[in-house]
Amino acid sequence: MKILAFFLPLAAMSFAALGMAAYTELQMEPQPLPLEVTPSTKPNEAIAQSQLSETTTTPSDTLSWSAVLGETSAPEGWQVTPCENPTLLCVYENGEILGTVILFSQPGAGSEFEPMLVESQGEPIAALRAWTESQYNSTERDRTLNDSTISFVAETPEEVTVGSLPGLHYGYTITHANGVLIDQVLGYVATDGTTLYAIVTGVVSRSPAGSFSSDEAAQQFAPHLAEIVAGLKL
């Protein structure tokens, strides 16, 4: 099972069980649909529920946002603070939740990332590029499995720093043939040579945890997330 797949697909999200593995399982569901909103389940209501600690089982060794968060940045009138769920960062506008950003960490040993580190001879960016390409390939394959008309467009990964670590900024967009958005993911991945770190958000179908209620809100927050990621205590 792949570790990540959104890069989340872009985010409206919920995660269960063990870190990256659970995240990936949700991201790789075939036949993705646009986020369904009924009168009783609006996007921001689902996101608000997902940020509560009781909605997600968190491994005891998982990094929390409160442990790594440095200076925050947000559009005027917005607020950024760790959620009750320690793996989620909550983003509010005038007290109303707009979205969350998910944080994952996974030891490289025994994971699909380990052979990438070995093959890259310890070069972190090369290993991260291999990991990102693998995620792109598996996401496109799984998302188009039952509908070849679905469009998957990946961004070229860009070198960044994640705190003090070398990393990549990546992302992708998945749409129906008629142009209707399914997922739009923006993410960051980094490594210290032993652990893989991933920070993901966007607009992700069927998943309120690690997602925003709208593409517009996610895009408005994106440059501020870049500043937050650069200042992480990693």
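**Close-up views of a predicted protein chain**

**View 1. The disulfide between Cys 83 and Cys 90.** The torsion about the S-S bond of Cys 83 and Cys 90 is about 120 degrees, so this disulfide (a pair of cysteine sulfur atoms within 2.5 Å) is right-handed. In this predicted model, local features need pLDDT of at least 70 and side-chain atom pairs count only at pLDDT 80 or more, while totals for chains, interfaces and linings use all residues. Residues are numbered from 1 along each chain as its sequence is written, and side-chain values use heavy atoms, with hydrogens and water left out.

**View 2. The chain as a whole and its elements.** The protein chain contains six helices and eight strands, these being DSSP runs numbered from the N terminus, with helices (H or I) of at least four residues and strands (E) of at least two. Read along the sequence, the elements of the protein chain follow the pattern α-α-α-β-β-β-α-α-β-β-β-β-β-α. Of the 234 residues in the protein chain, 53% are buried. Among the contacts (heavy atoms within 4.5 Å) with a separation of 6 or more in the protein chain, 62% are between residues 24 or more positions apart.

**View 3. Stacked rings of Trp 78 and Phe 221.** The structure holds seven aromatic pairs, a pair being rings of Phe, Tyr and Trp (its six-membered ring) whose centres lie within 6.5 Å, with planes under 30 degrees apart counted as stacked, over 60 as edge-to-face and the rest as tilted. The rings of Trp 78 and Phe 221 have centres 6.4 Å apart and planes at 15 degrees, so the pair is stacked. Because Trp 78 lies in strand E1 (residues 78–82) and Phe 221 in helix H6 (residues 215–230), the pair ties together parts that are 143 residues apart in sequence. Trp 78 is buried, and Phe 221 is buried as well.

**View 4. An aromatic cluster.** One aromatic cluster is formed by Trp 131, Tyr 136, Phe 152, Tyr 170 and Tyr 172.

View 5. Although Asn 94 is not a glycine, it has a positive phi of about 50 degrees; Asn 94 is placed in the loop between strand E2 (88–93) and strand E3 (96–107), and it is exposed, with a relative accessible area of 66%. Gln 121, which is not a glycine either, has a positive phi of about 55 degrees. The loop that holds Gln 121 runs between helix H4 (113–119) and helix H5 (124–143), and Gln 121 counts as exposed at 73% relative accessibility.

**View 6. Confidence along the chain.** The mean pLDDT (the predictor's confidence in each residue, from 0 to 100) of the protein chain is 80, and 74% of its residues reach 70 or more. Among the elements, helix H1 (residues 19–27) has the lowest mean pLDDT, 35, whereas strand E5 (residues 158–162) has the highest, 98. Over residues 1–43 the pLDDT stays under 50, and for this stretch the model has 181 contacts beyond four places in sequence. Residues 53–60 also have pLDDT below 50, with 16 contacts in the model beyond near neighbours in sequence.

Notes: Buried < 20%, exposed > 50% of the residue type's maximum accessible area, 1.4 Å probe, protein only.
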